[in-house]
Amino acid sequence: MSRRVVRQSKFRHVFGQAAKADQSYEDIRVSKVTWDSSFCAVNPKFLAIIVEAGGGGAFIVLPLAKTGRVDKNYPLVTGHTAPVLDIDWCPHNDNVIASASDDTTVMVWQIPDYTPMRNITEPIITLEGHSKRVGILSWHPTARNVLLSAGGDNVIIVWNVGTGEVLLSLDDLHPDVIHSVCWNSNGSLLATTCKDKTLRIIDPRKGQVVAERARPHEGARPLRAVFTADGKLLSTGFSRMSERQLALWDPNNFEEPVALQEMDTSNGVLLPFYDPDSSIVYLCGKGDSSIRYFEITDEPPFVHYLNTFSSKEPQRGMGFMPKRGLDVSKCEIARFYKLHERKCEPIIMTVPRKSDLFQDDLYPDTPGPEPALEADEWLSGQDAEPVLISLRDGYVPPKHRELRVTKRNILDVRPPAGPRRSQSASDAPLSQRTLETLLEEIKALREQVQAQEQRITALENMLCELVDGTD
């Protein structure tokens, strides 16, 4: 009688668990915009969530430690004149975040380590070049200040945020709306999916499609694609019968998928979150109440189903913590931030281990916050792998670093088609705007101190009257 051999893997028993109630972020009005982005971005310092905002677009930024009920007057990041569609933290500066909006602009913001007294309304820089809504943002994984944006005008623009310049504009590669864009590990290639049902691999600096596959999934719903660590592609989509699928592709042979997994029948687009350190892909469907995860290996069948984390509430969006923000002492290999209608709930994935020692096999060196290249070096054709750091002693975030914009936004010569904000403040030098912000903070604090002193004086007078009365 033959015995079934169980596949050996250290990730066979990955265990998902929702954080306790007091570790959630309550009373957040998550955006109701119909757009297939994750609506949430997280890094080792902050949690950012796109929220409902009357008469414009806004998102909230909370320090990770600020759990519990969020004050309804908590300051927001507001500056867009239409709903925010996507947000993304800079991988090389934990205080810098970019936002893309229906108002055709991209804005880059510096978030202070202290809680601001009022809404943050002035971005470091406003990037104007798209003629329709901007729905996708992605920072370059290894080059400093390089940001990609993709819009409803079917154009991909690569920016140098440090100068406000357009480095590259890819405007004739997609005949229809772009659904997703992903860099490979060193930022030399892009994988894009489009409404025309084609999966493309693009060399952005040459401005050409290197490989493409028409209809990688037969269904009519949107596709998503991400690069794996070894340069293969993972795509999610739908079969002709509306069954959701996960496929693994070798770009050198795009005829047939290396592996194809069919899951269930549902309308929700599957957002893939890939962890290159463990080669695990997590699939989170909008409107689902579960997270499925698969391990990608070199041996057949290449894509191995691990498990499903299920909960009662459907998810409105999902944030994925970078590896350096995880708790290595608890063998945590992934952490998600699940958006409900009115709250955000952390979901922690761990590999149970008996030992308290650092687990080398779970935590190989991982990309750190230092860029490997400058923007002009990357543009000239250089490539570099991410600068890695060890998590052996846990990750300590670097001190607050300010993003400096060295030049006025040169895109002002091209007036955008959409509504335009006044440029006077964002054109001011960063040092001047920082000075203005500090002066405002000092003024607000002085007013608070003055009010407290008046209160103390009033209380002292009452005390004197009481003492005189008793005499």
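Select S24 and the residues around it. Leaving aside neighbours within four places in sequence, S24 is in contact (heavy atoms within 4.5 Å) with T67, G68, C344, E345 and P346. This is a predicted model, in which local features need pLDDT of at least 70 and side-chain atom pairs count only at pLDDT 80 or more, while totals for chains, interfaces and linings use all residues. Residues are numbered from 1 along each chain as its sequence is written, and side-chain values use heavy atoms, with hydrogens and water left out.

Next, select residues 15-18 and 25-26. These are strand 1 and strand 2, and S24 sits in the loop that joins them. Strands (E, at least two residues) and helices (H or I, at least four) are DSSP runs numbered from the N terminus. With a relative accessible area of 1%, S24 is buried (under 20% relative accessible area, 1.4 Å probe, protein chains only).

Now colour the whole chain by secondary structure: it holds three helices and 32 strands. Among contacts with a separation of 6 or more, 53% are between residues 24 or more positions apart.

Zoom out to the C-alpha trace, which spans about 100 × 60 × 40 Å along its principal axes.

Of the 471 residues, 53% count as buried.

Terms used
Buried means under 20% relative accessible area, exposed over 50%, partly exposed in between (1.4 Å probe, protein chains only).
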